[in-house]
Amino acid sequence: MAFIINSILLGIGLAMDAFSVSLANGIHEHYMKWRKMCLIAGTFGFFQWFMPMTGWFCVNWVVDLFHSLLPYIPWIALILLLALGGNMIKDGLSGEEEEIQSATSFKALFIQGIATSMDALSVGFTIAEFNVREAFFASVIIGVVTFFICIAGIILGRHFGMKLADKATVVGGLILIGIGLEIFFTA
């Protein structure tokens, strides 16, 4: 049960950048149809699934080659999640979040998907101790959580505007820091 809760919380933390961009996309197209909303949210969800799995494969390949790195994985996870979370909090509080152009063309969505999921790549390093089935399941949970958060972001963007974007980034940063501390102290 803790595995599922941690995966959901990780998904929430990672989805905050995509949530902010979804808000912008909702503002950009006030009358967006459900099909397009699902395409946007699906793009973000796919990248939030794909990037942790990519990171997991990279770490496990490296760990197989250099088995001596295994004891350092909790430290790596702690440092990466503290840095990511701290940066998200700083950006959210300062209002200097990176600007990602709101647009919904295929090319724009692809770029948005990659840009908002780069932090998810490093999460693959934090789940390196999982077996392939656990890593896949955690990544699927992250992707599904991202999908639903992005749907909510688009809907909220259509109704409330960008007033929520900086708060979402701070909450996401706090969640990532909390997960990093939990991984470190339970290792």
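Biologist: Where is I4 found?
Modeller: I4 sits in helix α1. A helix here is a DSSP run of H or I with at least four residues, a strand is a run of E with at least two, and both are numbered from the N terminus. Bear in mind that this is a predicted model, where local features need pLDDT of at least 70, side-chain atom pairs count only at pLDDT 80 or more, and totals for chains, interfaces and linings use all residues. Residues are numbered from 1 along each chain as its sequence is written, and side-chain values use heavy atoms, with hydrogens and water left out.

Biologist: Why does I4 count as partly exposed?
Modeller: Buried means under 20% relative accessible area, exposed means over 50%, and partly exposed is in between (1.4 Å probe, protein chains only). I4 has 33% relative accessibility, so I4 counts as partly exposed.

Biologist: And why is G11 called buried or exposed?
Modeller: G11 is also found in helix α1, but its relative accessibility is 0%, so G11 counts as buried. Across the chain, G11 and T146 are 135 residues apart in sequence, yet their C-alpha atoms are 6.2 Å apart in space.

Biologist: What is the class make-up where α1 meets α5?
Modeller: Let's start with the geometry. The axes of α1 (residues 2-28) and α5 (residues 132-160) come within 6 Å and cross at roughly 35°. Those axes are lines fitted to C-alpha atoms, for helices over the stretch in contact, with angles from 0 to 180 degrees between N-to-C directions. By class, the contact of α1 with α5 has 22 nonpolar, seven polar and two charged residues. Nonpolar covers Ala, Val, Leu, Ile, Met, Phe, Trp, Tyr, Cys and Pro; charged covers Asp, Glu, Lys and Arg; the others, Gly among them, are polar.

Biologist: What makes I40 buried or exposed?
Modeller: I40 has 0% relative accessibility, so I40 counts as buried. Its place is in helix α2 (residues 34-65). The C-alpha atoms of I40 and F147 are separated by 8.5 Å, although the two are 107 residues apart along the chain.

Biologist: How do you know whether A120 is buried or exposed?
Modeller: Again by its value: A120 is at 0% relative accessibility and therefore counts as buried. A120 belongs to helix α4 (residues 106-126), and its C-alpha atom is separated by 9.1 Å from that of A15, 105 residues apart along the chain.

Biologist: How many helices and strands are there?
Modeller: Six helices and zero strands, giving the pattern α-α-α-α-α-α along the sequence. Of the 187 residues, 47% count as buried.
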